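Here are some quick notes for anyone opening this one for the first time. Have the model on screen as you read, and go through the points in order.

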Amino acid sequence: MKFHTSVTYPADLSSVKRMLQDEDFYRRRLEKAPVQVEGVDVRASDGQVQATSSFVARVDELEIPAGAKRFLPDSGLQISVVETWNTADNTGKIVFNAKGLPVSMSATCVLIEEGNKVRRDTDGDLTVSVPLLGRKIETAAIGNISKVVELEEEIARRYFNNELGK
């Protein structure tokens, strides 16, 4: 299932690029999610940033059809998200992996400067290969994107206002 979303960051492009290299930003982004963070690793090299977040999602708190939850492990879902940013052309790629599950998600992103703000446009594709339930799960997951956007914008606002208390 294809999706599109936009996030607005309240800062200029160079500040947003610095934020995308800050491990603390990625950790803070996960604080309000129903997950247990296992690790965040950010590596920056000349022209590229790669951020890997690993966590366990709590099945009882996932907003997916009840029929699908019974097929998931009680211990939670092992998930990793890898974001790779090309800082030269302001593009990125996101790859989501749920260990042992027939789920794939990838997306491309672009950072667009709009005055003293930056808009992050994301176009992606989510596939859940489960007979009868796959499309319902995809629809539920895509339906939660607005919550992810709101959280991302809140964390970015707090990040740039120095309200995160490092």
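1. Let's begin with Asp41, which is partly exposed at a relative accessible area of 30%. Here "buried" means under 20% relative accessible area, "exposed" over 50%, and "partly exposed" in between (1.4 Å probe, protein chains only).

2. Before going further: this is a predicted model, where local features need pLDDT of at least 70, side-chain atom pairs count only at pLDDT 80 or more, and totals for chains, interfaces and linings use all residues. Residues are numbered from 1 along each chain as its sequence is written, and side-chain values use heavy atoms, with hydrogens and water left out.

3. What does Asp41 pair with? Its side chain meets that of Arg43 in a salt bridge, 2.5 Å from N to O. (A salt bridge is a side-chain nitrogen of Lys or Arg within 4 Å of a carboxyl oxygen of Asp or Glu.) Arg43 itself counts as exposed, at 57% relative accessibility.

4. Now look at Asp24 and Arg28, which are both buried. They form a salt bridge too, with the closest N and O atoms 3.4 Å apart. The two sit four residues apart in helix α2 (residues 23–30), so about one helical turn separates them. Helices here are DSSP runs (H or I, at least four residues), numbered from the N terminus.

5. Next, find Arg119 and Glu114, whose salt bridge has its closest N and O atoms 2.2 Å apart. Arg119 is partly exposed at 23% relative accessibility, and Glu114 is partly exposed at 36%.

6. For the overall tally, a search of the whole structure finds 12 salt bridges.
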